[in-house]
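Please look over the sequence and the fold below before reading on.

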Amino acid sequence: MECFKIAIIGAGVVGSAIARELSKFDIKTVLIEKEHDVSLGASKANSGIVHGGYAGKSGTLKGELCIRGNQMFEALNSALNFGYRRTGAYMLAFSERDFEVIQHQIQNGVKVGESGYALLDEKKLKERLPHVSDQAIGALYIPTVGVTSPYEFTIALAENAIENGVTLKLDFEVDKIHKDKTGCYEITATNSDTLLAEIIINVAGEHSDKIARLFGDESIKLLKRKGQYILFGKDQSYLTDQVIFQLPNDKGKGILVTTTYHGNLMIGPDAEDMRLDVNKDTSVESLEYVIQTARRSIPNINLKRALTTFSGVRSMSETGDFIIRPSEIEGLFHVAGIDSPGLTSSPAIAKYVVEMLKNAGVDLKDKTYFKADRAPLIKSQKQDSKMMCRCEGITEAEIRDCLSRGIPVDTTDAVKRRVRAGMGNCQGAYCRPRVKALLAEALDLPEAQIKTRTETHVAPTRVSIEVIRNLNV
Ligand SMILES: Cc1cc2nc3c(=O)[nH]c(=O)nc-3n(C[C@H](O)[C@H](O)[C@H](O)COP(=O)(O)OP(=O)(O)OC[C@H]3O[C@@H](n4cnc5c(N)ncnc54)[C@H](O)[C@@H]3O)c2cc1C
């Protein structure tokens, strides 16, 4: 059996960014993922904010890598066409004391190398954000903040890595690891599939503690913290087309109000520590808190326009900083505890990992050719191709395009994450059967075999959207 030089365990945004970075070198790399697609962990369900210098304390890896990552997004988007927009953000002050906290945020931002802040008084804030609460007496404006679509970014990174020679192994849930006689690690999946690799990079998100333990390494301890959101129709983005934060608290950045890259208003996340039962369910109690807190920033949030709820789980280290280091175990490297701003930091983490490998003596020689670009998904006009998703205006040609980009696409949810068919007001009621029929035809399978998602990706229990629309808060 072929022995890969490097196996990356976990195809979230960080694993995919590392895979792309390693695809610049003349080595055989495999990207391993337990699910049937990339980006189904924390990288699917988060705020999608490309954070600024406030998001990581100076002197920490987070502080260093967040700002470096932020500065890479513009160029990465030009090359990979995943969708990114610099919007700027406001951190609201509700009392004079809040300005003291804001001063600390500015000092931290300056230390990590950010500039361009503006302090706004109440009048200027109201001019810029006419729908902001009357309780807000001013704000810090942070121009470097942007928004992206986290799963489209991850898919773009993984597709480009594959185009540059990385092997992607989906449905491979790493279960056992041991060294064989030749010194290679034999990695066995729960379905008994195996592969060999000399070096292993553990980027398994909320399961990176388990992966470490497979090697007998007990050093990765994670705290898992769930955050819940409500997503609204695009017509609600009139409330703000930028990112609005409150002051950070001891559990994170607090509840934000933002418009997503694709133009939906979104509020959340809260912060709930998870002990034994890590789940991605949503609950009325948490979402009521999200609504009440978001309305402190923007009072006119209209629950009748809510579309869906979702949640994501942050995996945090004991120190609060990212864990990016070699293990005591030879050939094993950890990239764990990557909570927020991990999405922002991911391209910088990938570069940092390459340096770490080089410092550990891994021989990485540049390839003669690296294809840095990924073509954008085609945008066809209604008259040129059959309309499949009326809410988002997605045609058959666009869906066919996303089926042939290196990662197998055979569920309606996988199509949804790539072209947004099913993300609109009717939440797939119109397009899902049509996408199913198209997938069946394109993959030459009976329609009954085309699923919304695969069995491994168990759908969480979500509060019915009718309940949210009728909440009395
Ligand atoms: C609520 C919330 C809001 C956030 N908001 C932001 C934000 O606005 N901006 C920002 O910069 N960051 C944000 N983050 C942080 C960001 O989402 C994460 O830092 C980032 O997604 C982590 O990526 P990852 O690749 O490390 O982990 P993941 O995306 O979780 O990927 C790990 C992968 O490993 C796979 N895996 C696990 N076990 C195995 C196994 N045994 N075998 C094979 N594969 C395995 C999983 O299936 C998964 O795909 C937020 C996070 C949350 C939860």
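The points below go from the whole protein to single residues.

This is a predicted model. The protein contains 12 helices and 22 strands. Its radius of gyration is 22 Å, close to the 23 Å that the globule rule gives for 473 residues, so the protein is as compact as a globular protein of that length.

**Overall build**
- Along the principal axes, the C-alpha atoms fill a box of roughly 70 × 55 × 45 Å.
- Buried residues make up 57% of the 473 residues.
- Among contacts with a separation of 6 or more, 73% are between residues 24 or more positions apart.
- The accessible surface is about 20000 Å², and carbon and sulfur atoms account for 49% of it.

**Charge**
- The protein carries 61 positive and 61 negative side chains.
- The centres of these two sets lie 3 Å apart.
- Side chains of opposite charge can pair when their charged atoms come close.
- The structure holds 31 salt bridges.

- Arginine 68 pairs with glutamate 64, with the closest N and O atoms 3.0 Å apart.
- The two are four residues apart in helix H2 (residues 61-80), so about one helical turn separates them.
- Arginine 68 has 31% relative accessibility and therefore counts as partly exposed.
- Glutamate 64, at 35% relative accessibility, also counts as partly exposed.

- Glutamate 159 forms a salt bridge with arginine 405, and their closest N and O atoms are 3.9 Å apart.
- This pair links distant parts of the chain: glutamate 159 is in helix H5 (residues 150-163), while arginine 405 is in the loop between helix H9 (396-402) and helix H10 (412-419), 246 residues apart.
- Both glutamate 159 and arginine 405 are buried.
- Glutamate 163 forms a salt bridge with lysine 371, the closest N and O atoms being 3.5 Å apart.
- Glutamate 163 lies in helix H5 and lysine 371 in the loop between helix H8 (342-359) and strand E21 (387-389), so this pair ties together parts that are 208 residues apart in sequence.
- Glutamate 163 is partly exposed at 48% relative accessible area, and lysine 371 is partly exposed at 27%.
- Salt bridges with shared partners join Glu159, Arg374, Asp401 and Arg405 into one network.

**Glutamate 288**
- Glutamate 288 sits in helix H7 (residues 284-297).
- Its relative accessibility is 27%, so glutamate 288 counts as partly exposed.
- Leaving aside neighbours within four places in sequence, glutamate 288 is in contact with Leu471 and Val473.
- Glutamate 318 is 30 residues from glutamate 288 along the chain, and their C-alpha atoms are separated by 29 Å.

How values were computed
Residues are numbered from 1 along each chain as its sequence is written. This is a predicted model: local features need pLDDT of at least 70, side-chain atom pairs count only at pLDDT 80 or more; totals for chains, interfaces and linings use all residues. Side-chain values use heavy atoms; hydrogens and water are left out. The radius of gyration is taken over C-alpha atoms; the globule rule is 2.2 Å times the number of residues to the power 0.38. Buried means under 20% relative accessible area, exposed over 50%, partly exposed in between (1.4 Å probe, protein chains only). Contact means heavy atoms within 4.5 Å. Accessible areas come from the Shrake-Rupley method with a 1.4 Å probe; for residues, only the protein chains shown count as cover. Lys and Arg count as positive and Asp and Glu as negative; His and the chain ends are not counted. The place of a charge is taken as NZ of Lys, CZ of Arg, CG of Asp or CD of Glu. A salt bridge is a side-chain nitrogen of Lys or Arg within 4 Å of a carboxyl oxygen of Asp or Glu.
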